[in-house]
Amino acid sequence: MDDYLIGVLSNIGVISFVALSAYLLLLTGEISFGQQAFFAIGAYAAGIATALWGWSLAAALVWGAAVSGAAALLVGVPTLRLHGLYFAIATLAFAEMVRILFELFRYQISIDGELIGPNGTDGFRNIRYIFDHNIDAFQFLLLIYSLLAAAMLGLLLLERSRLGVIFRMIGQDETLAELQGIPVARRKVLAAGIAGTLAGIGGGLYAHLTTYVEPRIFDIMLGVHSLAYGLIGGLGTAFGPLLGVLIDIGLLESIRALAGYRMIIFGGLVALLLIVRPRGLLDEMVVHKIGRGWRRVSLWARRSSLKPRGNSA
Amino acid sequence: MIDLVQNTLDGVMIGSSYGLLALGFTLIFGVMRRLDLAYGPSIMIGGYFGTVLYLYYGAGPLAVASAVVLGAVIAGIYVERLCFAPMKAGAAIASMVSSFAIWMQLEQAAILVLPRHTYPFPPLATVAPLEFGPFLVRVDHLIMLVCALALAAAVHLALYHTRFGLALRAIIGSPVAAHLVGINVRTAVLLTFAGASAVGGAAGFLVLAVDQQVTPMFGMWATLKGLIAMMIGGLGSVPGAVVGGLLLGIVEVNSQWYFGPQIRDLVAYVVLFAFLVVRPRGLLGRAPEPAMPPKA
Amino acid sequence: MLDISDLVTAYGKIDALKGVSLQVETGKITCLLGPNGAGKTTLMMTIAGLLHPRRGSIRLAGTELVGLSPARIVAHGIALVPENRLVFPQMSVRENLLAGAYQRNDKVSIDADLKRMYALFPRLNERTEQLAGTLSGGEQQMLAVARALMSRPRVLLMDEPSLGLAPLVVTEIFNIVRDLNRDGTTIFLVEQNAHMALQVAHRFLLMEQGRITFRGMPGQLAEDEVVQRAYLGTRRAAG
């Protein structure tokens, strides 16, 4: 596999985490323009762990996920009472606050005579863990996708589980859910925490993939993009946001010839798509139909395999 | 103390254009109950119309202002037709994401046509600042303040003393009931978009003329300022938009003076976040209903 | 005056109206009764043009209304007093009334009508500049009725005018309904309060689960049976 393709796929994998993060919140009915904040926190935390404290990658990723998850829980509480647009703008404000705080954040340690660490607007360079430990691009790609697969598995199981149903119920009608005895507030904070953790894992991976992060990357554009991926790919399944990322970044790279016009075309296409499919390509209807079709096929398969095979014994 | 007053003075003047931006934003939100993320970029397109007129035809400030307003209105109508008009009632998030897609589209279109990072804008005034005792007032700031207040007054007049304004306030009050009294809501919404874009265009012209330049980043900047001012002042409140803008201006100029530009932006967001957590209705807005806006 | 035939309106895959046919006679008060979820509000919204039926026709004095925008339907002479009143909360009583006359330009007669409304609804007269959102439930109901009347409709539609109102206020409202009709207004009224509705109705219909199950005059059905069916629906026989 050539390096270019590995690079694109790695990018897709990492960004998928933020897309899934926004998607999870969307399931509970809340729009977030701010998941990039947890992506950033995960990136910086994991980067600091390996580059400054000498931790292993695994420990660093867990640390990054934990810090961003905790941050998400912390911010989830005061914003509980907010809904819809108010919540969305609060997430935007929060994310921008985080970004600016990283612009002011300096934490540098001298290692082998070199100053390593986050340096405000200059960013955080030399997150060289994978190079120092001879992990090649392909191996890292495998790591990204194993973690992504695990996350997807978790999400798909969640969607089928009681908790997943509860999340969707809250998304449809909070008051009704409350009346059913569901502790809505606690569940929403839980969703926020999980979403933050997801974004944090992605951030940790991102920091090590690119070896360099700066606050500018974690801007509103990233946040709204993350939300958009779910809307484009479809809100009916966790594969939806992945599809969205694939379409955007995949399209981005494949239409090199139209590089200068990419956003013009893509923007127009997205707008048109949303007119006919306001909940994305793989929306709840499509997923339901696929599920029905699948059940029919597996039923047919089972029936044919149970047919008596002529005269045996 | 003198610094504080000087900053507050400057803040009020800069804030007046934030107020105009918020005004346009709030009018759109009032009739649509949805956020138009392409609002700032539409104004930026207007700005590019203006700079072309200035750069290649040497037009004066009034002509440039008209071009900015015209460009903003055209872009605004484009956004309304593509992102809002065709959407069904429950597709609020789809509209917002669609407007975001068009934001990106408009930004790239602008960069393609005019690829440099910055383009010049005619100044509002070239005379020396006025002195009032220890305080300095830039003449272009003063013009901006006067124009912004005049425009806000005009919007108020239109809203409260014209038939169209009545229709607009009816739609803001209850879209269903507006249909029932025979208001053509779709047309009214389109016209509101055009009007709000025009107001935004005027605000944009004032800011760009004071800045004497336009950049493709102006779109996001305008959207953010309008959004923050609108939320602080109160979602859906016309006087709130103006008050929010002024307050934002005062807070920003003082923060920048005492703490620098990064802290200035940080403080703006902290104030916004604080308002949302403590008093989401803002200064003059109505208390948010539990289920507003409708979820996707 | 209003001739509805075989109206089918759906929400997604579910038919809320399963082929409704009825007539509203000129100059009379026609009442539609039925339990919650029967489709009464859906019917009202469809007539007013807020919902599009899948098939069927709605004719007002011969003119087909299906497919027209709500604004055009108002222009033809239908005015709906919606469920939950839906006054414009941040506008004054006077402005609400003026909004009701939105499609008219004859300033002189609009002013005359304004005065007429104040005479008809004295409680509104005391509060012309008060914001509608601060009025009591009964006052908002009166405002909603008056607002609908400002368009001088040929048919006045009313969706559950007694909803959430105290009994005394309900009586007041129905007295007004009777007075309006005496002055010549054709009224089509949807209600759950069968008792009050039967007092004023010239004709009444029962709607259950999207279908009309009875049409006739008050007295043709024992009141308790009407009340029972209006609140609970008919118990279905086996099958």
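Predicted model: local features only at pLDDT ≥ 70, side-chain atom pairs only at ≥ 80, totals over all residues.
Two pairs of chains touch, and the pair with the most contacts is that of chains A and B. Chains A and C, by contrast, do not touch, and their nearest C-alpha atoms are 12 Å apart. Chain B therefore deserves a look from two sides, beginning with the side that touches chain A.

The contact between chains A and B draws 37 residues from chain B and 34 residues from chain A. On the side of chain B, helix H3 (61–84), helix H4 (92–113), helix H9 (218–233) and helix H11 (261–278) each contribute at least two residues, and H4(B) provides the largest share, 12 residues. By class, this side of chain B divides into 30 nonpolar, four polar and three charged residues.

The contact between chains B and C involves 14 residues from chain B and 21 residues from chain C. Helix H6 (163–173) and helix H7 (175–180) of chain B each supply at least two residues of the side that touches chain C, with H6(B) giving the largest share, five residues. The residues on this side of chain B comprise eight nonpolar, five polar and one charged.

Turning to chain C, one finds an open sheet of six strands in the order S6-S7-S8-S3-S9-S10, with mixed pairing. Its edges are strand S6 (78–81) and strand S10 (211–216) of chain C, each of which pairs on one side only. Neighbouring strands of this sheet are turned against each other by 20° on average when direction is ignored.

Strand S3 (residues 29–33) of chain C stands between S8 and S9 in that order. S3(C) runs parallel to strand S8 (residues 186–191) of chain C, to which five bridges join it; in this pairing Ile29(C) stands opposite Ile187(C), and Cys31(C) has Leu189(C) as its bridge partner. S3(C) is likewise parallel to strand S9 (residues 203–208) of chain C, here through four bridges, and the bridge partner of Leu32(C) in S9(C) is Leu205(C).

How many of the residues of S3(C) are buried? The strand is mostly covered, and five of its five residues are buried. In a regular strand the side chains alternate between the two faces of the sheet. In S3(C), Ile29(C), Cys31(C) and Leu33(C) point one way, whereas Thr30(C) and Leu32(C) point the other way, and all are buried.

Helix H1 (residues 40–48) of chain C lies across S3, S6, strand S7 (155–159), S8 and S9 of chain C, and runs at about 145° to S7(C). Helix H7 (residues 167–182) of chain C packs on the sheet too, touching S3 and S8 of chain C, and its direction makes about 155° with that of S8(C).

Chain C also has an open sheet of four strands, in the order S2-S1-S4-S5, where the pairing is antiparallel. Strand S2 (14–24) and strand S5 (63–64) of chain C stand at its edges with a single partner strand each, which means that one side of each is left without a neighbour in the sheet. Further in, strand S1 (residues 2–11) and strand S4 (residues 55–60) of chain C pair in the antiparallel sense over five bridges, and Asp3(C) has Arg59(C) of S4(C) as its bridge partner.

How values were computed
Residues numbered from 1 in each chain as written. Chains lettered and ligands numbered in written order. Buried ≥ 20, exposed ≤ 12 C-beta atoms within 10 Å, placed from the backbone. Pairing = 2+ DSSP bridges. Axes fitted to C-alpha atoms, helices over the stretch in contact; angles between N-to-C directions. Contact = placed C-beta atoms within 7 Å. Nonpolar A, V, L, I, M, F, W, Y, C, P; charged D, E, K, R; others polar.
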